[in-house]
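Dear colleague,

Please find below the structure that I am handing over to you. My notes on what was found in it follow directly after.

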Amino acid sequence: MHFNECLRQDSYPNGVGIQYSYCGCFVNKISKGMNTKEFIELGLTIQEEENNRKHSKIILSNKKIKKYIVDCMTSAFEH
């Protein structure tokens, strides 16, 4: 969930600018909206699972993360 990880993709169907906008927004929301304990707990829960599909389910089950994704995707596509 770091900025560089967010940018690592095989392609950018909507352009690299939108990806940068989304990733910057997402990292900013996490840094301001989650405390250290929440972030570490989420990271450890993700590390417990070897399956990448389960990583996505864990991330999306977190209400704050889900809201950040919606907010940042909306913002990136509206600009």
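Which residues are linked in a network of salt bridges? They are Lys-29, Lys-67 and Asp-71. A salt bridge here is a side-chain nitrogen of Lys or Arg within 4 Å of a carboxyl oxygen of Asp or Glu.

Before the details, two remarks on the source are in order. This is a predicted model, in which local features need pLDDT of at least 70 and side-chain atom pairs count only at pLDDT 80 or more, while totals for chains, interfaces and linings use all residues. Residues are numbered from 1 along each chain as its sequence is written, and side-chain values use heavy atoms, with hydrogens and water left out.

Overall fold

The protein has five helices and zero strands, where helices (H or I, at least four residues) and strands (E, at least two) are DSSP runs numbered from the N terminus. Along the sequence, the pattern is therefore written α-α-α-α-α. Of the 79 residues, 23% are buried; buried means under 20% relative accessible area, exposed over 50%, and partly exposed in between, with a 1.4 Å probe and protein chains only. Among contacts with a separation of 6 or more, 57% join residues 24 or more positions apart, a contact being heavy atoms within 4.5 Å.

Helix 2 and helix 5

Two packed helices are described by the angle between their axes and the distance between the axes. The axes of helix 2 (residues 16-33) and helix 5 (residues 63-78) come within 9 Å and cross at roughly 145°. Axes are lines fitted to C-alpha atoms, for helices over the stretch in contact, and angles run from 0 to 180 degrees between N-to-C directions. This crossing is right-handed, that is, the near helix is turned clockwise from the far one by less than a right angle. The residues of this contact divide into 12 nonpolar, two polar and three charged. In this count, Ala, Val, Leu, Ile, Met, Phe, Trp, Tyr, Cys and Pro are nonpolar, Asp, Glu, Lys and Arg are charged, and the others, Gly among them, are polar.

The nonpolar core

A nonpolar core is a set of buried Ala, Val, Leu, Ile, Met, Phe, Trp, Tyr and Cys residues joined through side-chain atoms within 4.5 Å. The largest one holds 16 residues, and those touching the most other members include Tyr-22, Phe-26 and Ile-65. Helix 1 (3-7), helix 2, helix 3 (36-48) and helix 5 each give two or more residues to this core. Apart from neighbours within four places in sequence, Tyr-22 contacts Cys-6, Ile-69, Cys-72, Met-73 and Ala-76.

Charged pairs

Side chains of opposite charge can pair when their charged atoms come close. There are four salt bridges in the structure. One of them joins Glu-38 and Lys-64 at 2.9 Å, N to O. Because Glu-38 lies in helix 3 and Lys-64 in helix 5, this pair ties together parts that are 26 residues apart in sequence. Glu-38 is partly exposed at 26% relative accessibility, and Lys-64 is partly exposed at 31%. Another salt bridge links Glu-49 with Lys-54 at 3.8 Å.

With kind regards
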